[in-house]
Amino acid sequence: MSSFYEQVGGDAFFADLTSQFYAVVATDPILRPMYPDEDMKGAAQRLQWFLAQYWGGPTTYQENRGHPRLRMRHSQFSIDTAARDAWLRAMRTAVDGVEIKEDLKEQLWDYLELAADAMVNQPD
Ligand code: HEM
């Protein structure tokens with residue numbers, strides 16, 4: 001069985017997904033102020049590395065950033081349900097914009113929804 005990473009086409013897929021995601025983040029009134037002004041490219045790179053690694057690709061994220069500890073890394077940002085929903089909306093646009101098999105899309109989306117819920121760190 002090949003990994004999810006291989007089935008979707010490897011790095012090219014994750015680069016495409018994250019660049020579409022960050023194109024929406026760049027214009028979103030809730031998300032834009034949370035992301036670093038000068039380092040949107042770097043932010044896109046980190047998310048791309050993480051997702052590729054999570055889905056069975058190379059461990060570039062770990063090599064460059066160490067253990068993900070994503071909830072901890074997000075604790076410096078104030079993430080309420082509105083921010084989570086904005087993040088998921090941007091991700092939905094990106095997922096809709098890529099061409100992979102529908103069952104793989106569903107698998108990816110289910111994970112992203114759960115992960116986004118887990119990142120909420122502020123009560124409404
Ligand atoms: C729920 C809403 C979320 C918000 C508002 C949010 C916001 C942010 C922000 C502002 C950053 C800093 C950008 C940077 O310089 O790298 C960041 C980093 C990151 N986020 Fe999120 N995020 C959310 C959910 C998620 C989810 C669900 C994932 C994974 C599936 C994720 C993965 C990452 C990764 C891998 C980094 C880079 C961490 C590092 O190595 O420093 N985020 N996020």
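View 1. Phe13 is buried, because 24 other C-beta atoms lie within 10 Å, where buried stands for 20 or more other C-beta atoms within 10 Å of the residue's own, exposed for 12 or fewer and partly exposed for the range in between, with C-beta atoms placed from the backbone. This is a predicted model, in which local features need pLDDT of at least 70 and side-chain atom pairs count only at pLDDT 80 or more, while totals for chains, interfaces and linings use all residues. Residues are numbered from 1 along each chain as its sequence is written. Phe13 lies in helix H2; helices (H or I, at least four residues) and strands (E, at least two) are DSSP runs numbered from the N terminus. Residues up to four places away in sequence set aside, Phe13 touches Val8, Val98 and Ile100, a contact being a pair of residues whose C-beta atoms, placed from the backbone, lie within 7 Å. Between Phe13 and Glu99 the C-alpha to C-alpha distance is 8.9 Å, although 86 residues separate them in sequence.

**View 2. Helix H2 and its buried face.** Helix H2 covers residues 11-25, and its 15 residues reach 21 Å from the first C-alpha to the last, close to the expected 21 Å at 1.5 Å a residue; the expected span is 1.5 Å times one less than the number of residues. Its buried residues are Phe13, Phe14, Leu17, Thr18, Phe21, Tyr22 and Val25. Seen down the axis of H2, these buried residues fall within an arc of 155°, so they line one face of the helix; the arc is that of the directions from the helix axis to the C-beta atoms. An α-helix has 3.6 residues a turn, so residues three or four places apart point the same way. The cover over the buried residues of H2 includes helix H1 (4-8), helix H3 (40-54) and helix H6 (81-96).

View 3. The 16 residues of H6 reach 22 Å from first to last C-alpha, close to the 22 Å expected at 1.5 Å a residue. Ala83, Ala86, Trp87, Ala90, Met91 and Ala94 are the buried residues of H6, and, seen down the helix axis, they fall within an arc of 130°, so they line one face. These buried residues pack against H2 and H7, whereas the face turned away from the buried side carries the exposed residues Ala82 and Asp96.

**View 4. The shell around the ligand.** The ligand is surrounded by 21 residues, of which Ala43, Arg46, Phe50, Trp87 and Ala115 are the closest; a residue is near a molecule if its C-beta atom, placed from the backbone, lies within 6 Å of it. Two or more residues of this shell come from each of H3, helix H5 (70-73), H6 and helix H7 (102-119). By class, the shell holds 15 nonpolar residues, one polar and five charged, where Ala, Val, Leu, Ile, Met, Phe, Trp, Tyr, Cys and Pro count as nonpolar, Asp, Glu, Lys and Arg as charged, and the others, Gly among them, as polar.

View 5. Arg69 lies in the loop between helix H4 (60-65) and H5, and its phi is near 35°, a positive value in a residue other than glycine.

Key
Contact = placed C-beta atoms within 7 Å.
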